[in-house]
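Okay, thanks everyone, let's get going.

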Amino acid sequence: MEPISEEQISYTEHITVEQYNELRRSVKWILVKESRAQKALDNSFYMTVARWKGEPVGMARIVSDGGYTYFITDVIVRPDFQGYHIGTELIRRLLDYIKKDVMDGETVMVSLMAAYERESFYGRFGFHPRPFGNHGPGMSMWVSRISDGSIVTS
Ligand SMILES: CC(C)(COP(=O)(O)OP(=O)(O)OC[C@H]1O[C@@H](n2cnc3c(N)ncnc32)[C@H](O)[C@@H]1OP(=O)(O)O)[C@@H](O)C(=O)NCCC(=O)NCCS
């Protein structure tokens, strides 16, 4: 592949389900069923998609109530485009979008679940790894329905 320069990367605010799952596949994340992926993308509060020659090479999105709680998710840069500060630009754009609506005297909560050993990447933007102070650790679980029809959590 020809060398990549940051100036060649453009940013849009949309992505198709196929492109979304292609990005997920590139970083070995589970794929999301088409109908669920469409709902997830449609209900995003804000999304930014990095493109090289029109093709998505990275994305990040916010899920939010639009008032107080903002959750950053699906932060992905395709492996062959990592290290070109695309991830930094994606997070910067999301945070700018949130900050522009925070008025004098207001405070909102922005959170995310860092992937394993990604804490230092997010720490650069001011995120604190939990637990800290009176904040406990973040918690999450998978909820899956398996082939016999039962729900399993993991
Ligand atoms: C994490 C990720 C989004 C970073 O994207 P990127 O475009 O490669 O990151 P950048 O080029 O903007 O890196 C910015 C800085 O963070 C550092 N950094 C990048 N990835 C890092 C990591 N995994 N851990 C710690 N620091 C990291 C870089 O060294 C760089 O430092 P520099 O400015 O001194 O050169 C990307 O590696 C990725 O998609 N990984 C797989 C999916 C994933 O884990 N997503 C995060 C889910 S929470």
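So, keep in mind that this is a predicted model. I'll start at the ligand. Three elements each put at least two residues into the shell around the ligand: β4, which is 69-77, α3, which is 86-99, and α4, which is 119-123. There are 17 residues around the ligand, and the ones that come nearest are Val77, Gln82, Gly87, Thr88 and Ala115. If you sort that shell by class, you get nine nonpolar, six polar and two charged residues.

Okay, the sheet. It's an open one, five strands, and the order is simply β1-β2-β3-β4-β5, with mixed pairing. On the edges you've got β1, residues 9-12, and β5, residues 109-112, and each of those pairs on one side only. Ignoring direction, neighbouring strands in this sheet are turned by 20° against each other on average.

Let me zoom in on one pair. Strand β2, residues 46-52, runs antiparallel to strand β3, residues 55-64, and the two are joined over seven bridges. If you want a spot to look at, find Arg51: across from it in β3 is Pro56.

Now, what lies across the strands? That's α3, which lies across β1, β2, β3, β4 and β5, and it runs at about 30° to β3.

In soluble globular proteins, nonpolar side chains tend to be buried together. Here the largest nonpolar core has 20 residues, and the members touching the most others are Ala50, Met59, Ala60, Val75, Ile86, Leu90 and Leu94. The elements giving two or more residues to it are α1, that's 17-26, plus β2, β3, β4 and α3. β4 gives the most, with five residues.

Take Ala50 as an example. Which residues is Ala50 in contact with, leaving aside neighbours within four places in sequence? The list is Ile9, Tyr11, Val57, Gly58, Met59, Ile86, Glu89 and Leu90.

Last stop, Val102. You'll find Val102 in the loop between α3 and β5. Buried or exposed, for Val102? Val102 counts as exposed, because it has 11 C-beta neighbours inside 10 Å, and the cut-off for exposed is 12 or fewer. And if you trace from Val102 to Pro137, that's 35 residues in sequence and 26 Å in space, C-alpha to C-alpha.

Definitions and conventions:
Residues are numbered from 1 along each chain as its sequence is written. This is a predicted model: local features need pLDDT of at least 70, side-chain atom pairs count only at pLDDT 80 or more; totals for chains, interfaces and linings use all residues. A residue is near a molecule or strand if its C-beta atom, placed from the backbone, lies within 6 Å of it. Helices (H or I, at least four residues) and strands (E, at least two) are DSSP runs, numbered from the N terminus. Ala, Val, Leu, Ile, Met, Phe, Trp, Tyr, Cys and Pro count as nonpolar, Asp, Glu, Lys and Arg as charged, and the others, Gly among them, as polar. Two strands pair if DSSP finds at least two bridges between them. Axes are lines fitted to C-alpha atoms, for helices over the stretch in contact, and angles run from 0 to 180 degrees between N-to-C directions. Two residues are in contact if their C-beta atoms, placed from the backbone, lie within 7 Å. A nonpolar core is a set of buried Ala, Val, Leu, Ile, Met, Phe, Trp, Tyr and Cys residues joined through C-beta atoms within 7 Å.
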